[in-house]
Amino acid sequence: MITVGSRHFLQQILGVMLLSALVTGCAEPAKVNEMAAGTRPAASMPANPAIHEAVCVEQVAGGKLTNPLWVSEVDNLGFLRALEHSLDANRLLVKRPEDCRFGINANLLGLSQPFIGIDVEVTANVNYTVRQAGVEAPYMLQTETSAYTTRFTEDKILWGQRLQEANEGAIRKNIGAFIDALLASKPKP
């Protein structure tokens with residue numbers, strides 16, 4: 001049974017939600033430079049030296065374009081650029097496309113995003129396949145799951161901004177974990 005007091009409370013909650021939606025502004029896609037993973041500790045001594053400047057990104061799938069009226073997303077092109085920047089920072093990316101000996105295909109299986117919340121946690125699930133040129137079997141199959149939380153602070157009041165930052169952080173951690181695994185991968189006989 002809804003009483004007059006509870007109805008007033010519900011109206012206040014709905015008003016706050018509406019105001020929050022108006023205050024968040026337009027959703028922006030995740031930024032490439034914020035999704036890129038930095039230099040990894042193992043970059044100077046990869047387990048398989050043959051991957052040094054021999055890796056290229058062949059395809060990225062599963063991303064979504066951001067609808068400015070809805071929520072921030074990670075699109076395929078942004079993810080591809082962040083992955084390439086990360087590989088380049090770790091001296092893995094080829095200088096010329098014809099030198100590619102290890103091709104990466106990444107499939108963004110999904111971003112688990114909250115609908116609303118004070119602190120925003122996003123979990124990214126990405127399946128990576130690495131193929132060595134001239135070899136049938138994949139060199140590496142890796143599924144990475146990574147989460148990142150953006151906390152509510154004075155400079156992060158807008159929910160949409162926290163969601164965008166959480167998307168970027170989850171992808172950055174995901175790419176970093178994949179690169180760590182790639183750097184640790186042993187050469188196949």
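A disulfide, as the word is used here, is a pair of cysteine sulfur atoms within 2.5 Å. I start there because, in the predicted model we are looking at, a search of the whole structure by that cut-off finds one such link.

The bond joins Cys56 to Cys100, with 2.0 Å from S to S, and the torsion about the S-S bond is -70°, which makes the link of Cys56 and Cys100 left-handed. Cys56 belongs to strand β1, residues 55–61, while Cys100 sits in the loop between α3 (76–89) and β2 (102–112), so the bridge ties together parts of the chain that are 44 residues apart in sequence.

Let me turn to the second largest pocket, whose volume comes to about 210 Å³. Twelve residues line this pocket, and those that lie nearest its centre are Glu28, Lys31, Gly160, Gln161 and Gln164. Helix α4, which spans residues 159–184, supplies the largest share of that lining, with five residues.

Finally, a word about confidence, for which the chain averages a pLDDT of 85, with 84% of the residues scoring at least 70. Over residues 17–24, however, the pLDDT is below 50, and beyond near neighbours in sequence this stretch has four contacts in the model. Where pLDDT is low, the predicted coordinates should not be read in detail, and I would ask you to keep that in mind when you look at residues 17–24, with their pLDDT below 50.

Key
Residues numbered from 1 in each chain as written. Predicted model: local features only at pLDDT ≥ 70, side-chain atom pairs only at ≥ 80, totals over all residues. Heavy atoms only, no water. pLDDT = per-residue confidence, 0-100. Contact = heavy atoms within 4.5 Å. 1 Å grid on protein atoms, 1.4 Å probe; cavity = no way out; pocket = protein on both sides within 12 Å on 5 of 7 lines; lining within 4 Å. Points joined across faces, edges and corners; volume = space filled by probe spheres on them. Helix = DSSP H or I, 4+ residues; strand = E, 2+ residues; numbered from the N terminus.
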